[in-house]
Amino acid sequence: MAVLQKLSSFNHFPRQQSQFKKPKLCCPLPLKIQIFSCPIKHRIYHPSFQVSSSLINTNYSNHHDYAQKLVQEFDPKIPIEEAVTPPSSWYTDPSFYNHELNQVFFKGWQAVGYTEQIKEPSQYFTGRLGNVEYVVCRDDGGKIHAFHNVCRHHASLLASGSGKRSCFVCPYHGWTYGLDGALLKATRITGIKNFKVNEMGLVPMKVAVWGPFILLNFENGVLSEQESDFDLVGNEWLGTSSQILVDGGGVDSSLSFLCRREYTIECNWKVFCDNYLDGGYHVPYAHKGLASGLTLDSYSTTILEKVSIQRCETGSAEKDQEFDRLGSKALYAFVYPNFMINRYGPWMDTNLVLPQGPRKCLVIFDYFLDASLKGDESFIAQSLQDSETVQIEDIKLCEAVQRGLESPAYSSGRYAPQVEKAMHHFHCLLYENLCN
């Protein structure tokens, strides 16, 4: 019996300021939080880790130098009329891909989800960007948190997918964390020494809310009061377009989330972005159904700091009004580096492009609709089918382009100056990030 008791022993840890109480499942709370941050505890590494540091630094330096050589093969100072596109190595080389993750995705704000995913206390969702696994949740008090989704014991992932739970229990050895990241229980550690509970909580990440979108910042640090200002976060993420997108009807927080669709595409993430940013160039050739509903001669592109906005009038006034998915005009906003906001008629859909490797990406489509139409099943079904048709057509294009980029016959291309301004702007922003 004594052996059994010893084998089943575990340690509970009280919270620092008050006696630990069992978390409640949920409690109603209105969504008003705009931005949240948590202090980051510096990890203490064992001295033996320093043995291979020189080798690691040398390898990193070699890869970095090689990637920088590839970056310099594109010149953003050349006017679009004379410029060539980035070399194919930007879309195929593994070293360049790793350089992108560090310089483009792990700096600044990145859209990762929307507020309805964690509308209620105890809800959470998970995600991955590069090699970073994260979990976003709302605690019992209504505060939103984000953490690296990794147990501090032996690195197992804690949570998967999305759902609702009162705490995070590691499926490997049962270590348990509160929704605020604090370590609540560590199983079978009797006899452990130099163990500081307050240093073994989940590693936090910066998280913010702008409109209906949840943003993460993958850089370490703590947000100051000034940095936590809602408008400052919006300006940092979107630049001056933050107000333009709200006033111009591109972002509408009143729309209701409808559904999500995901597409794994055999192409570099930038191929999908380039396709989105060609100013409707490919639409009459690849999307004949969509083209019939757009007035392509009205297509216009506005370039801002980190955002490009494409607008196009639709032909809805001349069509049968019984089915009007597009409304009177369409707006397509690209938020650097990988987020798209599409607004048309009663719909808004967003596209999040997640790199999965040099030649693979995951594109997540989230659809939002005017609440008054959520009961119109026929309208919704036809609208989503039309959208699906466009996505399948785009997937075929993007995968064909990727194969062409890997051909020895192609190195760089040219821009169509009148329509591909947004694409050129995207490449210039990439160059700026990749050189830093």
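Student: Which residue in S5 does Leu 129 stand opposite?
Tutor: In this predicted model, strand S4 covers residues 123-129 and strand S5 covers residues 132-138. S4 and S5 run antiparallel and are joined by six bridges. Across this pairing, the residue in S5 that stands opposite Leu 129 is Val 132.

Student: Which residue takes a positive phi in the hairpin of S4 and S5?
Tutor: The hairpin of S4 and S5 has two residues between the strands. The residue there with a positive phi, near 65°, is Gly 130.

Student: Which residue in S6 does Val 136 stand opposite?
Tutor: S5 also runs antiparallel to S6, and five bridges join the two strands. The hairpin of S5 and S6 has five residues between the strands, and Gly 142 takes a positive phi near 95° in that hairpin. Within the pairing, the residue in S6 opposite Val 136 is Ala 146.

Student: In what order do the four strands of the open sheet stand?
Tutor: The pairing in this sheet is antiparallel. Its edge strands are S6 (144-148) and S7 (162-164), each of which pairs on one side only. Neighbouring strands are turned by 20° against each other on average, direction ignored. The order is S6-S5-S4-S7.

Student: What is the bridge partner of Phe 125 in S7?
Tutor: S4 and S7 run antiparallel, with three bridges joining them. The partner in S7 of Phe 125 is Ser 162.

Student: Which strands are the edge strands of the sheet of seven strands?
Tutor: This open sheet has the order S13-S19-S18-S17-S16-S15-S14, with antiparallel pairing. An edge strand pairs on one side only, and these two are S13 (256-265) and S14 (294-303).

Student: Which residue in S19 does Ser 256 stand opposite?
Tutor: S13 pairs with strand S19, residues 360-369, in the antiparallel sense over nine bridges. The residue in S19 that stands opposite Ser 256 is Leu 369.

Student: Why are H4 and H11 described as roughly perpendicular?
Tutor: Two packed helices are described by the angle between their axes and the distance between the axes. The axes of H4 (residues 94-105) and H11 (residues 421-435) come within 9 Å and cross at roughly 85°. Angles of 65 to 115 degrees count as roughly perpendicular. H4 and H11 are therefore roughly perpendicular to each other, the crossing angle being roughly 85°.

Student: Which residues of H11 meet H4?
Tutor: From H4, the residues in this contact are Phe 96, His 99, Glu 100, Gln 103 and Val 104. By class, the contact has four nonpolar, three polar and one charged residues. On the side of H11, the residues are Leu 430, Asn 433 and Leu 434.

Student: Is Gln 391 buried or exposed?
Tutor: Gln 391 lies in helix H10, residues 377-405. Leaving aside neighbours within four places in sequence, Gln 391 is in contact with Tyr 263, Phe 365 and Tyr 367. The relative accessible area of Gln 391 is 9%, and residues under 20% count as buried. Gln 391 is therefore buried.

Student: How many disulfides does the count come to?
Tutor: A disulfide needs a pair of cysteine sulfur atoms within 2.5 Å. For Cys 273, the nearest cysteine sulfur, that of Cys 361, is 7.9 Å away, and Cys 273 is in no disulfide. Cys 273 is buried, with a relative accessible area of 0%. The count of disulfides comes to zero.

Student: What share of the residues of the protein chain count as buried?
Tutor: The secondary structure of the chain comes to 11 helices and 19 strands. Among contacts between residues at least 6 apart in sequence, 64% join residues at least 24 apart. Of the 436 residues, the share that count as buried is 49%.

Conventions
Residues numbered from 1 in each chain as written. Predicted model: local features only at pLDDT ≥ 70, side-chain atom pairs only at ≥ 80, totals over all residues. Heavy atoms only, no water. Pairing = 2+ DSSP bridges. Axes fitted to C-alpha atoms, helices over the stretch in contact; angles between N-to-C directions. Parallel < 35°, antiparallel > 145°, perpendicular 65-115°, else oblique. Contact = heavy atoms within 4.5 Å. Nonpolar A, V, L, I, M, F, W, Y, C, P; charged D, E, K, R; others polar. Buried < 20%, exposed > 50% of the residue type's maximum accessible area, 1.4 Å probe, protein only.
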